[in-house]
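Dear colleague,

I am passing on the structure below for you to look over.

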Amino acid sequence: MSPSPAVAETEEHQALRAAVAALGKRYGRAYATTVVREGAHPDALWAEAAELGYLGVNLPEEYGGGGGGTAELSIVLEELGAAGCPLLMMIVSPAICGTVIARFGTDRQKATWLPGLADGSLTMAFGITEPDAGSNSHRITTTARRDGGGDWLLTGRKVFVSGVDIADATLIVGRTEDARTGRLKPCLFIVPRDTPGFRRSQIDMELQAPEKQFELVLDEVRLPAEALVGDEDAGLLQLFAGLNPERVMTAAFALGMGRYALGRAVEYARERTVWKAPIGSHQAIAHPLAQVHIELELARLMTQKAARLYDEGDDLGAGEAANMAKYAAAEACVKAVDQAVHTLGGNGLTREYGLASLVTAARVARIAPVSREMILNFVSHQSLGLPKSY
């Protein structure tokens, strides 16, 4: 594992980081790779993390959570990632779905879902991406209409939805017609896994991860009125309330992965001796690793800023910072993994050292949940005030 963060943190955050790191160390990369090889899920780690209160650290105390925020949850994911055993569903279940329900759900929705999301006994997936919409949420074609009796009928398709096979429900982003303008507006619906008309098929991925990816088909899925999350007229606000934590958590995911790769490379560079000296004594090896460490630390600073802004209720400021954090962490992660593999040479491609599979995994942070190009679009338009190109 790479050195502990040099960024100043509260004593509580330092204690949380140390405790989660200890948990991660008990499982490690070997556990994660074994789970993937056996086609299983990281149930043991998920259950222990839940028992210790880490999975729901961001959720309200009145529903069994820790009463913290995105800052605390991102620490948990980063430290598990730095130990080589990240839990991808943390991004989706407590971070996106838990946050949206806690902020906008009805009392009944909160009572039904938040205790289970907090203690890990319930999980929820998140479906937004569509085959023809890409990153353009305004082109989502999954539509919801009322049947006249109060129920909703939901029809459409989603792709690259993580963990639907193990999730008790999926938070689906659809669109409804605005009665005043006739335009379609986003709305969020809780769709239980076994709802008639709700079908899934696994996507064959090269990515080695316990969490599988699925395509969803919703064929006139009938949902009760209470399946709608929050206010029908506040769908866009509710959507972005979940997307900002998603970006922060993806940054934490990338930071953890990058730290793990860097740690393996540093350890190898200290021990591997060629020409009577450790290879880490040569600047051609040492300097690139030092650069990776610097870039990971810089990305962590932006991630912490984004989490703090979001937890303080500054959604606009958090939007900019979360996008920047995700961009910076993804770039640093890809560079860290590449440099780690290069440092180990042929050993970097063996199963023994657990780095080769990260070459593919690291690309995920660049691509999902939004590509780096769309982040650059956002920053050039929103932050710099340049003309919009899309």
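Ala340 sits in helix α8, residues 315-344, where helices (H or I, at least four residues) and strands (E, at least two) are DSSP runs numbered from the N terminus. Because its relative accessibility is 0%, Ala340 counts as buried, with buried meaning under 20% relative accessible area, exposed over 50% and partly exposed in between (1.4 Å probe, protein chains only). Apart from neighbours within four places in sequence, Ala340 touches Ala261, Ala265 and Leu355, contact being heavy atoms within 4.5 Å. Between Ala340 and Tyr268 there are 9.2 Å from C-alpha to C-alpha, although the two are 72 residues apart in sequence.

Please keep in mind that this is a predicted model, in which local features need pLDDT of at least 70 and side-chain atom pairs count only at pLDDT 80 or more, while totals for chains, interfaces and linings use all residues. Residues are numbered from 1 along each chain as its sequence is written, and side-chain values use heavy atoms, with hydrogens and water left out.

Helix α4 (residues 89-104) has 16 residues, which at 1.5 Å a residue should span 22 Å, and its end C-alpha atoms are 21 Å apart, in agreement with this; the expected span is 1.5 Å times one less than the number of residues. Of the 16 residues of α4, 14 are buried.

Helices α3 (residues 70-82) and α7 (residues 283-311) pack at about 145 degrees with their axes 8 Å apart, where axes are lines fitted to C-alpha atoms over the stretch in contact and angles run from 0 to 180 degrees between N-to-C directions. From α3, Thr70, Ala71, Glu72 and Glu78 meet Arg300, Ala307, Tyr310 and Asp311 of α7.

The peptide bond from Ala368 to Pro369 is cis, with omega near -5 degrees, and Pro369 lies in the loop between α9 (356-367) and α10 (372-383). Phe160, which is not a glycine, has a positive phi of about 55 degrees; this residue belongs to strand β3 (residues 152-162) and, at 47% relative accessibility, is partly exposed. Trp275 likewise has a positive phi, near 55 degrees, but is placed in the loop between β8 (273-274) and β9 (277-278) and is exposed, with a relative accessible area of 78%.

With best regards
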